[in-house]
Every structure is written in structure tokens, then in C-alpha cells.
Amino acid sequence: MGGILTSYGIILGLIAVGFAVGSTRVIASEEQRTVLDRLAFYAALPALLFTVFARSTPEQMFTPVVVATSAAAVITAAVFVAIAWAGGCRQRADLTIGAASSSYMNSNNIGLPVSLYVLGSAAYAAPVVLFQVLIYAPIILALIDRSSSLVVAVRHALLSPVVLGAAAGLVVAWSDLTVPDMVFRPIEVLGGAAIPLMLMSFGASLTTATPLRDPQARTLTFWAVGLKQLGMPLAALGVGILLGLDHQQLFAAMILAALPTAQNVYNYASNYGRDTRVPRDTGLITTFTALPAMMVIAAFFG
């Protein structure tokens with residue numbers, strides 16, 4: 001549990017730093033804040049994903065647990081879309097960002113330590129990162145792209161920096177290529193800036209907008225939070241039972257499904273010029289609600 005609390009301390013600390021530099025006008029405008037988002041999206045995050053996947057093995061990437069959590073993410077996203085559509089939301093980008101907010105797991109900077117300290121192995125989280133970056137993220141980016149043609153939007157998504165960085169890492173790992181330290185280490189250092197940049201940008205955004213202020217965005221946020229913390233773990237449990245997962249695998253699938261919404265969703269929305277209110281507020285709220293949710297799941301499984 002100490003590892004989880006440390007991870008939360010890091011996240012909240014970096015958000016606080018972003019809030020401080022926004023409040024003191026070190027970051028004095030929205031345009032300056034988006035520089036952090038662009039640096040993360042186009043440079044640091046691709047580098048981070050490259051280093052994560054370059055150290056992976058095929059055996060780590062394909063497990064019954066990732067099937068259950070991935071299916072739960074798709075089910076949860078579909079439920080959100082149905083609810084939002086019934087509530088009058090018709091914009092494709094808004095539906096996509098809201099669905100991602102309800103189902104995109106923080107599988108890196110929270111998921112990895114949770115996997116290690118709660119589940120006993122970091123290998124549980126790695127396949128989730130793979131699914132989200134190489135399958136889920138391209139779909140999200142294609143649907144929020146402003147291109148008039150879906151074919152162009154899909155091409156843009158597949159050629160986005162985050163997808164290319166992850167794919168390059170997999171090529172290195174699965175082809176047994178050796179990247180010299182003089183090349184790998186600078187990439188690793190650059191990747192280390194990804195999470196701080198995204199979290200500080202998130203913190204700075206809180207100085208220019210009040211969370212849950214807009215009634216429509218507030219309703220969508222509450223649905224996204226409820227689905228993320230309650231609906232998605234239950235979906236993972238149901239899928240896991242259908243797949244015949246054992247007790248430990250069911251526990252792992254539910255814990256991963258209960259992870260907070262990743263800041264990646266906010267970063268994607270910001271970089272593509274979309275409404276960031278729902279991913280911002282959902283990410284903030286689930287950061288605080290995920291820990292008690294995981295404790296309930298742990299108590300349920302004894």
C-alpha cells in the first residue's frame with residue numbers, strides 16, 4: 001500500500017506544482033499551458049512509450065486479464081455513449097472524449113505501482129498499456145480528429161507520435177534489436193518528462209476553469225466517474241467470469257479496471273482542440289475516488 005500512496009503523492013504534488021505556476025502567472029495564458037501538452041504529446045510521451053515497450057516481451061503482452069479489462073473498457077465506453085446520446089449529446093468528439101474519460105485507465109504512473117504492490121507483479125499493467133496505446137488511442141484520436149474524411153483521420157491517428165513511439169518500442173523488443181546506451185538513455189530521460197508535463201499542465205488548467213461548473217459537462221462527468229469506478233470493475237468481473245478467470249486473475253482485472261482516468265485523455269483533447277472539461281474533471285475526481293474503490297475490491301476478494 002505504501003507504493004500506491006507514494007504514487008498518489010507524486011501525482012498530487014505535480015498537479016499542485018502546475019496549479020502554483022498557473023496561479024502565480026509563471027504560465028500566464030492558455031497558449032503557454034498548451035506548450036506543455038504539445039511537448040508531452042509530440043516528444044516526451046512517445047519517448048516514454050518507446051522505453052516501456054522496448055523492455056517488454058511477447059509473453060507479458062497477451063494474458064487473460066488484459067482481455068477482461070480491455071473488454072470492460074469497450075463495454076463501459078459503449079454504455080457512456082448510450083447514456084450521453086439519450087441525454088442529448090450528439091457531437092462525435094464529445095461522445096468520444098467522454099467515453100474515453102469513463103474507460104481509459106491510468107495504467108502507467110498509477111497502474112504500474114498498483115500492479116507491483118497490490119497484485120504482486122508489474123506484468124499485469126504492461127498489457128493494458130499496450131491495448132490502450134496501440135488499439136484504443138488510435139480509435140480515440142481518429143474520432144476526435146477534425147479531418148473531414150474518416151480515412152484521413154485514421155491515417156493521422158496511426159501516424160500520431162504516441163502510436164509510432166509505442167510501435168517502435170515493440171519492434172525493438174520483439175526483434176531482439178539492441179539499442180546502444182548512447183541512444184537509449186537520452187530517450188529514457190526525455191520519456192521521464194512525460195508524466196510531469198501532463199500533470200503540471202493539468203494543474204495549471206485548474207486555475208482558469210472551475211471544475212463541475214457547467215451543468216451539461218457536470219452531468220457527463222458524473223456519469224463518466226460512476227462508470228469508471230463502479231461500472232468498469234463490474235464489467236471486468238462479468239467478462240472475467242465468462243472467460244473462466246481464476247480468483248487472482250479476477251482480482252487483478254477488477255483492480256486495473258478501477259484505476260483512475262488517465263491524463264492522456266485530457267492531453268489528447270487539448271492537443272486536438274476539443275472540450276477538455278469532462279476529461280479534466282473526471283481525471284481529477286477519479287484520482288481521489290480510485291483508492292477507496294480499490295480498497296473495497298480488495299476487501300471483497302479477501
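This is a predicted model: local features need pLDDT of at least 70, side-chain atom pairs count only at pLDDT 80 or more; totals for chains, interfaces and linings use all residues.
Residues are numbered from 1 along each chain as its sequence is written. Local features need pLDDT of at least 70, side-chain atom pairs count only at pLDDT 80 or more, and totals for chains, interfaces and linings use all residues, while side-chain values use heavy atoms, with hydrogens and water left out.

The chain holds 15 helices and 0 strands. Both are DSSP runs numbered from the N terminus (helices: H or I, at least four residues; strands: E, at least two). The radius of gyration is 18 Å, close to the 19 Å that the globule rule gives for 302 residues, so the chain is as compact as a globular protein of that length. The radius is taken over C-alpha atoms, and the rule is 2.2 Å times the number of residues to the power 0.38. Along its principal axes the C-alpha trace spans about 50 × 50 × 45 Å.

Of the 302 residues, 53% count as buried. Buried means under 20% relative accessible area, exposed over 50%, and partly exposed in between (1.4 Å probe, protein chains only). The accessible surface comes to about 12900 Å². Carbon and sulfur atoms account for 69% of that surface. These areas come from the Shrake-Rupley method with a 1.4 Å probe; for residues, only the protein chains shown count as cover. Among contacts (heavy atoms within 4.5 Å) between residues at least 6 apart in sequence, 84% join residues at least 24 apart.

The largest nonpolar core has 93 residues. Such a core is a set of buried Ala, Val, Leu, Ile, Met, Phe, Trp, Tyr and Cys residues joined through side-chain atoms within 4.5 Å. Helix α7 (residues 126–144) gives the most to this core, with 12 residues. Those with the most contacts inside the core are Leu 49, Phe 53, Tyr 104, Leu 141, Val 162, Tyr 268 and Met 294. Leu 141 touches Phe 41, Ala 157, Ser 160, Val 162, Tyr 268 and Tyr 272, not counting residues up to four places away in sequence.

Leu 143 lies in helix α7. Leu 143 is partly exposed, with a relative accessible area of 27%. Under the sequence exclusion of up to four places, Leu 143 touches Arg 92, Ala 93 and Thr 96. Leu 143 and Val 154 are 11 residues apart in sequence and 8.1 Å apart in space, C-alpha to C-alpha.

Asn 264 lies in helix α14 (residues 263–271). Asn 264 is buried, at 15% relative accessible area. Leaving out residues up to four places away in sequence, Asn 264 touches Leu 45, Tyr 104 and Met 198.
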